[in-house]
Amino acid sequence: MSARVWRLLVVVLAGAVAGCAEDASQMRFAQNADIAKPVHRKARAVVEKTLEEHFGTPLNSVAWLKLPVNYGKAEGKVKSVDGRSVIVDFNAETSDLESLKSPELSRAGLLFTSGANQGKSFLLASYDASEKSFETLTALETAPAEGDQFVVAGQNLRHGRKLYARHCQHCHGINGDGDGTTAKYLNPRPRDYRLGIFKFTSTNKDTKASRDDLKRIVSQGIPGTYMPAFVPMLKENELAVLIEYVRWLAMRGELEVQLLKDLKNDYAADRARKEAQETKASTSDIEKQIAKQLEEYVANPTEGLAAFIETVTGDMVSAWEGAETADTVIMPPVPRVPDTAESRERGKALFVKTDGGKCINCHGPTGRGNGFQTEDFQKNDATGGFYEKRGLHDSWGEQIKPRDLTRGIYRGGRRPIDLYRRISQGIKGTPMPPVAATVKPEQVWDLVNYVLSVPFESASPKAAKAHSIAGQPNELGNAN
Ligand code: HEC
Ligand code: HEC
């Protein structure tokens, strides 16, 4: 491995869950079969190997320090060595000292970045915070010297993985494909993280989910679905490491999709067969040529695989980091329009306008979720053709229904600010479109006021009266 790469990868023993036997088939992350299908098997193997190098396996993970994942990382220097104990000094400025208190510090990765062990990776056995000394799982053959620098990393990844395996995996799958053992009974299906798309965010339409968004979802669950609320079951630090693990799986999935899609251009599954037909050359000769070409692509340092990974991960890093900046969070520029009968009327008028937000096309004239688009054949942007089945589809290729707004269940949260964000920015990964470009903020509030009144429109006069007395909370709400 080149010097550049080892600096970025730290192996962590992610570990099995106590009392829960994980069989051998679970020892690897299964490939994204839908995307891999049209790709040549040799190219698919390259993707698998690349991902294993940068992310490891479920039980033997790699903390790829280039990614904006809080793996738990501390940098230090060796002070002295006492038998197997290495006495150290952590750099408080560059270290997440809190993560050294992680219950999963043992089996975290240790990587020497200078000295005789430079570039070598070990697993920690224990760390004694009062003595500031650690021992490694296997003895260090060459004793480190005073001043040798090292990184300890991956304790959060290890902790996150353990919690994920216990609480999330049976729905969201080992690799985050949303296809865990209980997933097939659920509608909607658990989220497949591998596109890196999350639906219910506070961020603008072009920005990923922030840590706060994911935290809110995992804490509070998604009403009207099987996604449970994990507060108070999980503690604050547990939520934090779980969210890092989800983000890590999402980034892994995204890189996988990008690699497979890119390789498909030159290495389609049917390439040998097609070329053999066209050129009358033998399939085995073409297969050999494919293998050679692929080998060259992997080895080419400037225009090959490494360069592609560099570009894709660069974009991925900025995209995820962008979600953590305050200016990507949608804050309405005007306060909520008072929730009056007039405002609701204006909202309703916009709702049923076919050339405005087009709400009616999907949600239907009374918001039941039965607009005409649910019956039409819809265009599939990914293929340029039409979907086989009628109705709307999401980015995962699944059929999706517009919400029945008469039920008053809002998956992304029921605060006015949540609905403002949903309507103004749309719902990522779904056909629900953003309207911010054509509908003024005041009008978005009118729509919010109308949407919140829909469940009462069809209700008994008594309920409607109670509603108008109690009103909807008339505050802006807050992102957190
Ligand atoms: C019983 C099944 C189940 C379990 C267990 C479960 N989830 Fe989910 N999860 C779901 C479903 C279903 C959805 C999708 C709901 C939807 O699309 O509206 C979902 C969606 C999500 C989302 C996507 C939110 C968004 O904005 O797109 C995240 C993140 C998530 N779950 C994280 C977790 C984590 C972390 C755990 C474990 C601590 C977990 N889930 C456990 C079923 C589950
Ligand atoms: C092209 C179809 C389409 C159009 C147009 C559309 N929606 Fe939706 N809407 C959906 C779908 C699909 C969902 C469900 C998404 C999901 O949660 O998976 C949805 C969900 C919603 C939700 C539920 C949010 C939540 O947190 O559960 C609200 C509220 C909503 N839409 C309001 C509107 C309003 C107001 C308009 C017009 C400005 C509109 N929609 C236009 C398809 C559409």
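## The shell around ligand 1

By class, the residues around ligand 1 comprise 18 nonpolar, 4 polar and 4 charged ones; here Ala, Val, Leu, Ile, Met, Phe, Trp, Tyr, Cys and Pro count as nonpolar, Asp, Glu, Lys and Arg as charged, and the others, Gly among them, as polar. This is a predicted model, in which local features need pLDDT of at least 70 and side-chain atom pairs count only at pLDDT 80 or more, while totals for chains, interfaces and linings use all residues. Residues are numbered from 1 along each chain as its sequence is written, chains are lettered from A and ligands numbered from 1 in the order in which they are written, and side-chain values use heavy atoms, with hydrogens and water left out.

Of the 26 residues around ligand 1, those that come nearest are Cys168, Cys171, His172, Lys199 and Met227; a residue is near a molecule if one of its heavy atoms lies within 4 Å of it. Several polar contacts (pairs of N or O atoms within 3.5 Å) can be listed. An N or O atom in the side chain of His172 is 2.7 Å from a nitrogen atom of ligand 1. An N or O atom in the side chain of Arg191 is 2.9 Å from an oxygen atom of the ligand, and a polar backbone atom of Lys199 is 2.8 Å from an oxygen atom of ligand 1. Two or more residues of the shell come from each of helix H5 (169-172), helix H6 (211-220) and helix H7 (236-266); helices (H or I, at least four residues) and strands (E, at least two) are DSSP runs, numbered from the N terminus.

## The iron atom of ligand 1

His172 (NE2) and Met227 (SD) coordinate the iron atom of ligand 1 at 2.0 to 2.1 Å. Donors are N, O and S atoms within 2.8 Å of the metal (3.2 Å for Na, K and Ca), and water is not among the atoms, so sites may look incomplete. His172 in helix H5 and Met227 in the loop between H6 and H7 are 55 residues apart, and the pair links distant parts of the chain.

Why is the arrangement around the iron atom of ligand 1 octahedral? The 6 donor atoms subtend angles of 86 to 178°, which makes it so. Six donors count as octahedral if opposite donors are over 155 degrees apart and all others between 65 and 115. Ideal angles for six octahedral donors are 90 or 180 degrees.

## Ligand 2 and its iron atom

Among the 29 residues around ligand 2, Cys359, Cys362, His363, Arg403 and Met432 come nearest. The shell divides into 18 nonpolar, 5 polar and 6 charged residues. A nitrogen atom of ligand 2 is 2.7 Å from an N or O atom in the side chain of His363. Oxygen atoms of the ligand lie 2.5 Å from a polar side-chain atom of Arg403 and 2.8 Å from a polar backbone atom of Gly412. Helix H12 (359-363), helix H13 (416-425) and helix H14 (441-457) each give two or more residues to this shell.

The iron atom of ligand 2 has His363 (NE2) and Met432 (SD) as its protein donors, 2.0 to 2.1 Å away. Its site is octahedral, with angles of 86 to 180° among 6 donor atoms. Because His363 lies in helix H12 and Met432 in the loop between H13 and H14, the pair ties together parts that are 69 residues apart in sequence.

## Backbone features

Most residues other than glycine have a negative phi, and most peptide bonds are trans. A cis peptide bond joins Asn187 and Pro188, with omega about 0°; Pro188 lies in the loop between H5 and H6. Another cis peptide bond, with omega about 15°, joins Val231 and Pro232, and Pro232 is in the loop between H6 and H7.

Arg107, a residue other than glycine, has a positive phi near 75°. Arg107 is placed in the loop between strand S4 (85-90) and strand S5 (109-112).

Definitions and conventions
A polar contact is a pair of N or O atoms within 3.5 Å; within protein, one must be able to donate a hydrogen and the other to accept it, and residues adjacent in sequence count only if both atoms are side-chain atoms. Four donors count as tetrahedral if all angles lie between 85 and 135 degrees; four count as square planar and six as octahedral if opposite donors are over 155 degrees apart and all others between 65 and 115; anything else is irregular.
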